[in-house]
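Here are some notes for a first look at this structure. Please keep the 3D view open while reading.

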Amino acid sequence: MASMATTLFVKTSFPSHHLSKTFDTHFTPSSKVNIFGGAKARTQQGLRVSSGLIEPDGGKLVELVVKDSERDLKKGEAFSLPRIKLSRIDLEWVHVLSEGWASPLNGFMKESEFLQTLHFNSIRLNDGSVVNMSLPIVLPIDDSQKHRIGDSKKVSLFDSLGNPIAILNNIEIYKHPKEERIARTWGTTAPGLPYVEEAISKAGNWLIGGDLEVIEPIKYHDGLDHFRLSPAELRDEFKKRNADAVFAFQLRNPVHNGHALLMTDTRKRLLDMGYKNPVLLLHPLGGYTKADDVPLDWRMKQHEKVLEDGVLDPETTVVSIFPSPMHYAGPTEVQWHAKARINAGANFYIVGRDPAGMSHPVEKRDLYDADHGKKVLSMAPGLERLNILPFRVAAYDKAQGKMAFFDPSRPQDFLFISGTKMRTLARNKESPPDGFMCLGGWKVLVDYYDSLVVSTNGKVPEAVPA
């Protein structure tokens with residue numbers, strides 16, 4: 001998790017380019033959308049939208065789960081088709097696609113979408129408009145799977161337990177250029193990139209794209225499914241709360257009082273701008289994370305304590321899990337994180353220092369410049385409608401005994417506690433300064449590291465800087 005940086009309200013601007021050439025894409029047809037006055041008023045051909053929520057990319061939220069009445073038929077069809085076994089990360093991407101987080105994508109990318117994503121961080125739709133798409137959402141297969149598929153125009157996707165998950169239609173198989181993919185996504189091919197080692201290096205040499213039909217909603221049965229609200233469900237929740245602005249905060253670390261300061265200050269600033277009921281989407285990443293990150297179930301326990309202890313207001317906060325896997329790809333990945341929240345209805349996105357970053361896997365330095373993420377978001381093609389909120393640096397103020405915004409006139413009074421330092425303190429059962437984190441939240445973190453001691457015979461993994 002990044003540390004804190006300056007609260008500014010940046011309206012992005014990017015020139016529009018129109019090309020006559022069309023590409024082989026598989027999107028839900030988009031509607032022409034004219035936006036006037038940001039999130040306040042919008043019109044769509046033949047439709048007046050009265051809600052204050054931002055429209056999804058492409059004008060329509062893509063949902064790929066089949067109707068209940070078709071479920072048994074699709075299950076039967078899945079057993080008759082060539083099969084691809086999904087990894088855990090593959091399943092997470094099916095989840096992402098099925099609920100519309102990647103709207104207007106209708107399935108795993110075909111080659112034209114893959115190449116546009118790699119080289120432009122965006123995809124041009126059939127009507128000439130551009131949507132942001134910075135991470136490839138692809139499904140690798142190996143030579144033997146390719147051979148088994150043969151001339152079939154569709155395949156079925158099964159999970160590791162042998163359950164049919166989806167059917168992939170109108171398939172296209174193309175080469176998996178691993179080195180190019182890694183270099184353009186991470187800006188390096190250095191060994192030790194967590195997602196690369198987990199999902200790319202040993203993956204097949206081919207990619208298969210096509211249109212997804214997901215047989216039933218993806219569930220993990222881990223006690224957290226009730227937190228996994230889809231973009232459609234989140235939009236419904238925001239409407240129920242009469243939200244006229246939604247500001248999203250992505251995180252993969254426990255919430256401390258510096259985060260809370262930032263989020264409450266952001267809401268105050270939105271109220272000062274004239275919004276009547278801004279709602280916070282506290283949106284922890286719930287897909288793959290590297291081994292030394294605090295696991296999702298423990299993070300959710302900690303987030304619940306933060307709300308129970310009144311650090312954040314439950315009336316103006318929606319806590320939900322974002323199902324995407326984590327790449328640790330810095331400025332490239334943060335565009336994906338922001339784009340996906342547009343589809344969930346957020347029109348403001350909070351970004352800090354080094355978002356989605358990590359330490360260089362080989363050298364003793366950060367992999368990315370700490371300020372590049374927020375700068376890239378302010379210029380990224382396809383994110384013009386999203387208001388980017390960089391935020392002020394927050395640190396522990398020793399003079400006041402609490403988290404506060406950094407005052408450069410008295411730097412000696414401030415203590416910076418990184419995510420790595422926080423995890424190290426909890427692992428060693430050392431208490432942070434009073435006012436750094438609510439007591440209930442800190443106890444959850446200490447309990448997590450205690451559980452590691454029991455399960456690893458007293459040896460707790462060292463924290464890896466991120």
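1. Overall surface. The chain exposes about 20000 Å². Carbon and sulfur atoms supply 51% of that area. Keep in mind that this is a predicted model.

2. Make-up of the chain. The chain has 466 residues, and 58% of them are buried. It holds 13 helices and 19 strands. Among contacts with a separation of 6 or more, 76% are between residues 24 or more positions apart.

3. A mixed sheet. Five strands form an open sheet in the order β5-β9-β10-β11-β8, with mixed pairing. Its edge strands are β5 (83-85) and β8 (140-141), each of which pairs on one side only. Helix α2 (residues 88-99) packs on this sheet. That helix touches β5, β8, β9 (155-158), β10 and β11, and its direction makes about 50° with that of β11.

4. Strand β8 pairs with β11 (residues 206-214) in the antiparallel sense, over 2 bridges. Pro-140 has Leu-207 in β11 as its bridge partner.

5. Tyr-174 sits in strand β10 (residues 164-175). Is this residue buried or exposed? Tyr-174 has a relative accessible area of 4%; the cut-off for buried is under 20%, so Tyr-174 counts as buried. Leaving aside residues up to four places away in sequence, Tyr-174 touches Met-109, Lys-110, Glu-111, Phe-114, Val-138, Trp-206, Leu-207 and Gly-209. A polar atom of the Tyr-174 side chain lies 2.7 Å from the backbone oxygen of Met-109. Trp-206 is 32 residues from Tyr-174 along the chain, yet their C-alpha atoms are separated by 5.6 Å.

6. Aromatic pairs. A search of the whole structure gives 12 aromatic pairs. One of them joins Phe-114 and Tyr-174: the ring centres are 5.9 Å apart and the planes stand at 50°, so the pair is tilted. This pair links distant parts of the chain, with Phe-114 in helix α3 (residues 111-120) and Tyr-174 in strand β10, 60 residues apart. Phe-114 and Tyr-174 are both buried. Elsewhere, Trp-93, Trp-101, Phe-322 and Trp-336 form one aromatic cluster.

7. A parallel pair of strands. Strands β15 (residues 348-351) and β16 run parallel and are joined by 4 bridges. Tyr-349 stands opposite Ile-388 in β16. Which way do the residues of β16 (residues 387-390) point? Asn-387 and Leu-389 point one way, while Ile-388 and Pro-390 point the other way. All four residues are buried.

8. An antiparallel sheet. Three strands form an open sheet in the order β18-β17-β19, with antiparallel pairing. Why is one side of β18 and of β19 left without a neighbour in the sheet? Strands β18 (402-405) and β19 (414-415) stand at the edges and each has a single partner strand, so one side of each stays without a neighbour there. Strand β17 (residues 394-397) is joined to β19 by 2 bridges. Asp-397 has Phe-414 in β19 as its bridge partner. Helix α8 (residues 257-272) lies across β17 and β18, and runs at about 45° to β18.

Technical notes. Residues numbered from 1 in each chain as written. Predicted model: local features only at pLDDT ≥ 70, side-chain atom pairs only at ≥ 80, totals over all residues. Heavy atoms only, no water. Pairing = 2+ DSSP bridges. Contact = heavy atoms within 4.5 Å. Axes fitted to C-alpha atoms, helices over the stretch in contact; angles between N-to-C directions. Buried < 20%, exposed > 50% of the residue type's maximum accessible area, 1.4 Å probe, protein only. Areas by Shrake-Rupley, 256 points an atom, 1.4 Å probe, with all protein chains shown as cover. Polar contact = N/O pair within 3.5 Å; in protein donor to acceptor, adjacent residues only side chain to side chain. Phe/Tyr/Trp six-rings, centres within 6.5 Å; stacked < 30°, edge-to-face > 60°.
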